[in-house]
Each structure stands twice: as structure tokens, then as C-alpha cells.
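Let's take a walk through this one together, a stop at a time. Have the viewer open and follow along.

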Amino acid sequence: MEARFVQEMHRFISQHTMIEDRETVLVAVSGGADSLALLYGLHALHTKLNCYLHVVHLDHGLRCDSAADAEFTREHAARLGLPFTGHTVELPHLIKQWKLSVEAAGRRARYEFYESVCAQVGATKVALGHHQDDIAETVLMNLIRGAGSDGLKGIAPIRDGKFIRPLAAFTREEIESFLKSINLVPRYDSTNTAKRYLRNRIRHELMPLLEQDYNPNIKAGLSRTAEVLSAESECLEAIARETFEACRLPTSPSTCIVLDREKFLQNHIALQRRILRNGIVELFGQVEDFYFEHYQGILGLINRNRPNAVLALPNGIQFRRAYEQLIFEHTRVETEDFAYPLNVPGKTFIPTLNTEITACLYDTLPDDFPSLLDGTFEAMFDYSKIQLPLIVRNRRQGDRFQPHGMQGTKKIKDFFIDAKVPRCERNRIPMVVCGDEILWVIGFTTNEMFKIRHQTRRCLHLHYGKDETVS
């Protein structure tokens with residue numbers, strides 16, 4: 001059994017070009033049967049593969065005996081003469097900090113650990129112990145949850161060109177037989193039988209029932225389904241990625257993802273869902289905890305007549321429709337009311353917005369004024385009509401003003417709606433007010449009542465923005 005197992009493992013690694021010549025490979029070992037078989041199988045092959053192995057173990061801190069798993073793994077690494085790196089995290093703390101489920105937080109902690117060790121030791125691959133039973137269970141679990149073809153493709157042998165699964169061709173029974181043939185007893189993890197986890201219920205209850213009453217080869221059948229759907233999903237994903245980029249609007253990639261609604265709606269529903277998935281992955285890095293209902297909720301907001309709407313999503317993400325923009329972003333904190341007296345003349349720092357307003361007074365009107373200012377972030381006013389103090393603040397209920405060039409007044413709320421300002425942005429827009437009169441809606445326009453006229457003798461020049469010199 002030992003020789004056949006190692007030989008088949010070598011064939012599978014070579015078939016998928018998992019390990020290149022002289023690569024350093026991290027071997028993720030928990031101490032359980034799968035990862036222990038992975039470690040000893042790769043060690044038996046490392047000379048033939050001409051690669052270097054480095055054992056890693058992450059203690060999630062979920063069980064009182066988890067430190068013994070780390071010591072067990074360290075001992076096996078030492079027995080094989082391999083370097084070892086272990087690390088402990090307090091997963092319950094990370095769950096609260098990251099606002100993730102147990103599974104999602106554990107996965108993030110593991111992959112952050114792997115990336116960190118890769119950088120330290122120069123590793124270019126990370127070997128994981130997933131096997132054929134895991135693939136079948138994943139397909140079934142995602143099918144129950146209502147996943148699409150991307151979820152039903154199971155677990156790929158290679159992901160991102162870095163994370164490899166040399167045991168993907170083996171069943172759990174074959175792995176256990178291999179360990180028995182080399183007289184190895186793995187660690188027992190009690191969480192692997194805990195019924196509160198869906199995967200465990202599928203493994204210990206549903207899968208045996210399907211094998212006994214419906215299809216004794218259900219695992220192989222699900223694995224074949226995963227292989228077919230994986231190829232189809234890969235093709236569709238390539239198309240979806242191009243379409244996602246075509247719909248995407250320029251913005252800072254670290255803060256939000258913005259899509260063009262009109263372009264988005266031109267696509268088939270199958271591509272629309274994948275475009276949304278790309279947006280979540282781009283912002284958050286993964287789509288665990290996102291299910292069919294979430295995508296349906298997003299699509300509902302996109303197709304409704306309401307131009308402004310917000311939907312809370314898992315893991316601290318929200319989706320916003322702002323007129324013709326579709327926005328994925330981290331959950332925003334609503335801006336509270338703010339008000340700061342304006343220094344005239346002088347500079348006024350606005351802490352809430354991390355910027356400043358510079359005020360200058362002129363006794364004569366600059367000759368080039370008409371072509372200099374547009375009232376967006378720089379404006380000029382008739383100072384004789386202004387009574388100090390001036391206040392810079394955000395909107396208040398009942399605010400209205402006379403926009404530049406208009407005859408009558410308009411409510412600020414209606415002005416923002418007509419200007420297609422997203423609802424969640426409206427409280428962040430600063431305004432300069434003189435008593436109850438709005439002098440300037442910064443970023444948009446000024447008040448007609450305070451504009452410069454031929455009889456103006458003294459002018460107030462305001463400039464909004466930081467780290468710029470106003471002459």
C-alpha cells in the first residue's frame with residue numbers, strides 16, 4: 001500500500017505540475033490523518049521532486065488540548081529532519097475583531113499565517129491535505145446551501161498557482177490505509193465530529209445514508225461532477241472577469257468597487273451574478289458566507305426604481321445603489337452633525353473631513369475673477385452682504401437656498417436629489433452659512449444672493465482643500 005500510494009501521489013502531482021524543480025513547499029499539518037499522510041507522502045517524494053519541505057502548524061486556540069497537536073506536529077517534523085514553524089492565534093478574539101463566522105475567521109487566519117511564513121522562508125507553494133471525500137462533501141454542502149456552478153466545482157487541485165492539494169485523488173479510506181501501512185497514528189480532533197458544523201453532519205449522517213440507500217459510489221460521482229463544472233466555471237469566469245472590468249468605474253481599489261449600472265444590466269443574469277461575485281472578491285478577498293439570497297437582494301436593489309438604496313452584507317460589507325452607480329464598500333459610519341466657526345481671514349481646519357478652508361479678503365475685485373472661479377471648490381462673495389461669524393457645517397432639516405443663476409429658492413434635500421448625490425454622502429457635504437442663509441454648498445454651487453456685482457467694493461475669497469497655496 002505504501003509504495004502504491006506514494007507512486008499515485010507522484011503521478012497526480014506531476015499531472016497537475018504542482019511542484020517545480022527546487023521549490024520550497026510549506027506543508028500545512030494539523031496532526032490529523034489527512035495532513036499527516038500529506039507530510040509523509042511528500043517526504044517520500046521530495047528527493048524525486050527535487051524540492052524542499054517546511055512544516056507549518058497553526059493552533060486556533062479553540063480546544064484545551066490544541067497545544068498537544070502543535071507538539072505532535074513538531075515531533076514528526078523533527079523525526080523527518082524538516083524545519084518547523086508553529087503559531088497560535090486566539091480565534092474567538094479574531095471572530096469578534098473581523099466580524100466573521102468561525103469557519104471564515106479560521107480560514108483567514110490560516111492563509112494569513114501561510115503567506116507570512118512563505119515570505120519568511122521563501123516558499124512558493126503551500127501543500128494542503130484536502131482529499132476526494134472533502135471534494136464530495138464540499139459539493140454536497142454547497143448544493144444544500146444553494147450555490148451556483150462555482151460552488152459546485154468543489155476544491156481545485158491548484159489555486160492561485162500557489163496552494164496545492166496532492167491528496168485530491170485519494171479517498172479518506174485510502175489515506176487511513178496508507179497511515180496504517182507505515183504504522184502512524186494521527187491526532188484525534190473532537191471538532192471533526194461536532195454536529196453543530198454542517199460539514200460534519202454531511203460527513204457522518206447524510207453521506208453514509210446516500211451511499212447506503214441511493215448510490216454506493218456517490219463520492220466518486222460528486223467528484224466527477226465537480227471536475228466537469230470546474231472546467232465550465234473556469235471558462236465562464238474568464239468571460240465574467242472581462243465583463244466586470246468593462247463595467248467597473250475608476251476609483252480607489254482599497255476603499256470601494258464601483259460599477260456602471262447601465263453596462264451591468266446589458267449582461268445575461270448568469271454573468272451579472274458573477275460580476276457581483278467579482279466585486280465582493282475584489283473588495284473582501286473571498287466569498288465565504290455569501291449565498292444566493294445575498295445576490296438576489298443585490299439584484300433587487302439594482303432593478304428597482306429607487307435610485308438610492310443600501311443593503312447590508314456579511315463580513316462588514318455593504319452594497320449601495322447611488323443612481324447609476326453600483327457600489328461595494330466596507331460598512332460606512334454615518335457622519336454626525338458638525339459645525340465649525342470660519343476664520344475670516346485665515347485658515348479653518350475641518351476635523352470631520354480632514355481638510356481646511358482658507359478665507360482671504362480683497363479690497364478690489366481681481367481682474368481675472370470671471371474666468372478664475374467656478375464655485376465648486378473655490379468661490380468669491382460680496383463681503384458687504386455678509387455678517388460674521390460664518391459657520392461651516394453639514395445640512396440641517398429645513399435648509400434651503402437660492403442656487404447660483406436661479407430665481408427662487410430650493411430645499412437642500414431637493415437640490416441633492418436633483419444633483420444625484422447618494423443619500424449616504426449628503427451628511428458629509430460641507431456648507432458655509434451666514435446666520436440662517438447658506439452661502440456656499442461646497443463642491444456644487446454658491447448662493448445667488450451673495451454673488452459679486454459691479455458695485456461690489458470688498459470681496460471674500462474662499463478656497464476649500466488642504467495643502468494648497470492660495471495667492
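Strands here are DSSP runs of E with at least two residues, and helices are runs of H or I with at least four, numbered from the N terminus. Keep in mind that this is a predicted model. With those labels in hand, find proline 389, which sits in the loop between β14 (378-382) and β15 (390-393).

Next, some backbone angles. Asparagine 50 isn't a glycine, yet its phi is positive, about 55°. Look for asparagine 50 in the loop between α2 (33-49) and β2 (52-59). Tyrosine 323 also has a positive phi, near 60°, and belongs to the loop between β9 (317-322) and β10 (325-330). Asparagine 50 is partly exposed because its relative accessibility is 30%, while tyrosine 323, at 9%, counts as buried.

Now for a side-chain pair: threonine 85, in strand β3 (residues 84-88), makes a polar contact of 2.7 Å with the side chain of histidine 54. With a relative accessible area of 19%, threonine 85 falls under the 20% cut-off, so it is buried.

Finally, head for the surface, where Arg304, Arg306, Arg400, Lys411, Lys413 and Arg423 form a patch of positive charge. Of these, arginine 400 is in strand β16 (residues 400-401) and counts as partly exposed, at 38% relative accessibility.

How values were computed:
Residues are numbered from 1 along each chain as its sequence is written. This is a predicted model: local features need pLDDT of at least 70, side-chain atom pairs count only at pLDDT 80 or more; totals for chains, interfaces and linings use all residues. Side-chain values use heavy atoms; hydrogens and water are left out. Patches are made of residues with over 30% relative accessible area and no salt bridge: like charges are joined within 9 Å, nonpolar side chains (Val, Leu, Ile, Met, Phe, Trp, Tyr) within 5 Å. Accessible areas come from the Shrake-Rupley method with a 1.4 Å probe; for residues, only the protein chains shown count as cover. A salt bridge is a side-chain nitrogen of Lys or Arg within 4 Å of a carboxyl oxygen of Asp or Glu. Lys and Arg count as positive and Asp and Glu as negative; His and the chain ends are not counted. The place of a charge is taken as NZ of Lys, CZ of Arg, CG of Asp or CD of Glu. Buried means under 20% relative accessible area, exposed over 50%, partly exposed in between (1.4 Å probe, protein chains only). A polar contact is a pair of N or O atoms within 3.5 Å; within protein, one must be able to donate a hydrogen and the other to accept it, and residues adjacent in sequence count only if both atoms are side-chain atoms.
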